[in-house]
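Hello,

Here is the structure I promised to hand over. My notes on it follow below.

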Amino acid sequence: MRILVTGGAGYVGSHAVRALLRQGHEVWVYDNLSRGHRRAVPEELLIFGDISDTRHLAAVMRDRQIEAVMHFAAYALVGESVADPALYYVNNLAAGISLLEAMRQSDVSKIVFSSTTATYGIPETVPIPEQAPQRPINPYGFTKYCFERMLDDYARAYGWAAAALRYFNAAGAAADGSLGEDHDPETHLIPLALQVALGRRDELVIFGDDYPTQDGTCVRDYVHVEDLAEAHLAALERLQPRQVWKLNLGIGVGYSVRQVIEACRHVTGHPIPTRIGPRRPGDPPVLVADSRLAREMLGWTPRYQKIEDIVATAWAFHRRFPRGYEDR
Ligand code: UFG
């Protein structure tokens, strides 16, 4: 298939591009490089542009005879979305609508969309099934939730095929360290812990140790970024017109913040000094996926099940790019 990947220079998007190419698809990356990295995509595939530019986007889709879209282009920081919601409504929602409009104008009717656990808010049951109520508690989660709802309407009215894949905690990197996670500012647990291991930071602050969990720290479901990419590929290949799939992507096992840090110490062989800080607002104590539906619908089995194995790939990237891609 001929696929347009929006945000294909970002963390999850760049791994999806690689998986699509490996499978023999023709791929174009549409990215404004505001948060993505030029070095994370093959140069000849990159089309520089903003998804808010409906006309350009529609022309690209027509010229390249695009058959499906994988949509990753979005901001994805919970805290930032609370501090500056306009960024999220403009970039994730308004620009997202522009993307859907460009698809309509150029008769592209298949989309795989990068959604999130943050659409659930604070879950009543864990592991979280897809039919759990979606009550996002921050603008980031709300914009992703709205986009999911738009996909329902577009599929019904225009016969589109759509998959919204709700990631839990995307983690890890390509095993050879050639692609990985490079955010500025970095806010995620594993890259921060590895930056401490590299000596780029003095310590890691644990956001609260008084949660009702086995060791008092938050529990998350860390899913390897290449496993996420494989799930996107399977969704793209299996989706049929008028189908809308909403699927959780996690491994179904939770690790506490302390367990993740311990894995980072073990993998790197470096001490990682920590300090207990206050809770971070908006952090639910436990988020673990019930991902049986994705396994069934996509025939998906995550290859990475152990946190040490996931961290080892992230460490390979951090050693190869200790200061990130350095392409800004
Ligand atoms: N944490 C720390 N110290 C840090 C950074 C993180 O203790 O310096 C803790 C957090 O409190 C949390 C866990 O480590 O308990 C994981 O935090 P991350 O920031 O790595 O990931 P989140 O679980 O906050 O975020 C993920 C996705 C978001 C998504 C969110 C849904 O990255 O896109 O889950 O809740 F919105």
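Start with the ligand. Strand β8 (204-207) gives the most to the shell around the ligand, with four residues. Both α6 and β8 supply at least two residues each to that shell. Helices here are DSSP runs of H or I with at least four residues, strands are runs of E with at least two, and both are numbered from the N terminus.

Before the rest, some ground rules. This is a predicted model, in which local features need pLDDT of at least 70, side-chain atom pairs count only at pLDDT 80 or more, and totals for chains, interfaces and linings use all residues. Residues are numbered from 1 along each chain as its sequence is written, and side-chain values use heavy atoms, with hydrogens and water left out.

**Ligand**

The ligand is surrounded by 21 residues. A residue counts as near if one of its heavy atoms lies within 4 Å. The closest are Asn169, Leu189, Val205, Arg280 and Asp283. There are polar contacts to look at too (pairs of N or O atoms within 3.5 Å; within protein, one must be able to donate a hydrogen and the other to accept it, and residues adjacent in sequence count only if both atoms are side-chain atoms). Val205 has a polar backbone atom 2.7 Å from a nitrogen atom of the ligand. Phe207 has a polar backbone atom 2.9 Å from a ligand oxygen atom. His188 uses its side chain: a polar atom there lies 3.0 Å from an oxygen atom of the ligand. On its own, the ligand has 690 Å² of accessible area, and the protein covers 91% of this. Areas come from the Shrake-Rupley method with a 1.4 Å probe; for residues, only the protein chains shown count as cover.

Next, look at strand β4 (residues 68-71). Both of its faces are covered. Ala68 and Met70 are buried on one side, Val69 and His71 on the other. Buried means under 20% relative accessible area, exposed means over 50%, and partly exposed is in between (1.4 Å probe, protein chains only). In a regular strand, side chains alternate between the two faces of the sheet.

β4 pairs with strand β1 (residues 2-6) in the parallel sense, over four bridges. Two strands pair if DSSP finds at least two bridges between them. Leu4 stands opposite Val69. β4 also runs parallel to β5, joined to it by three bridges. There, His71 stands opposite Phe113.

**Aromatic rings**

The whole structure holds eleven aromatic pairs. Rings of Phe, Tyr and Trp (its six-membered ring) pair if their centres lie within 6.5 Å; planes under 30 degrees apart are stacked, over 60 edge-to-face, and the rest tilted. Phe113 and Phe147 form a tilted pair, with 4.4 Å between centres and 35 degrees between planes. Phe113 lies in strand β5 (residues 110-116) and Phe147 in helix α5 (residues 139-158), so the pair ties together parts 34 residues apart in sequence. Phe113 is buried at 3% relative accessibility. Phe147 is buried as well, at 1%. Elsewhere, ring pairs link Tyr75, Tyr88 and Tyr140 into a cluster.

Two arginines sit over rings. The rule is that NZ of Lys or CZ of Arg lies within 6 Å of the ring centre and within 35 degrees of the ring normal. The charged end of Arg64 is 4.6 Å from the centre of the Trp28 ring. Arg279 lies over the face of Tyr211, 4.0 Å from the ring centre.

**Backbone points**

Most residues other than glycine have a negative phi, and most peptide bonds are trans. Here are some exceptions. A cis peptide bond joins Val126 and Pro127, with omega about -5 degrees. Pro127 lies in the loop between β5 and α5. Another cis bond joins Asp184 and Pro185, with omega about 0 degrees. Leu33 has a positive phi, near 55 degrees, and is buried at 12% relative accessible area. Arg242 also has a positive phi, near 75 degrees, but is exposed at 56%.

**A further sheet**

Finally, three strands form an open sheet in the order β12-β9-β14, with mixed pairing. β12 (255-256) and β14 (286-287) stand at the edges with a single partner strand each, so one side of each has no neighbour in the sheet. β9 (residues 219-220) pairs with β14 in the parallel sense over two bridges. Val219 has Val286 as its bridge partner in β14.

Best wishes
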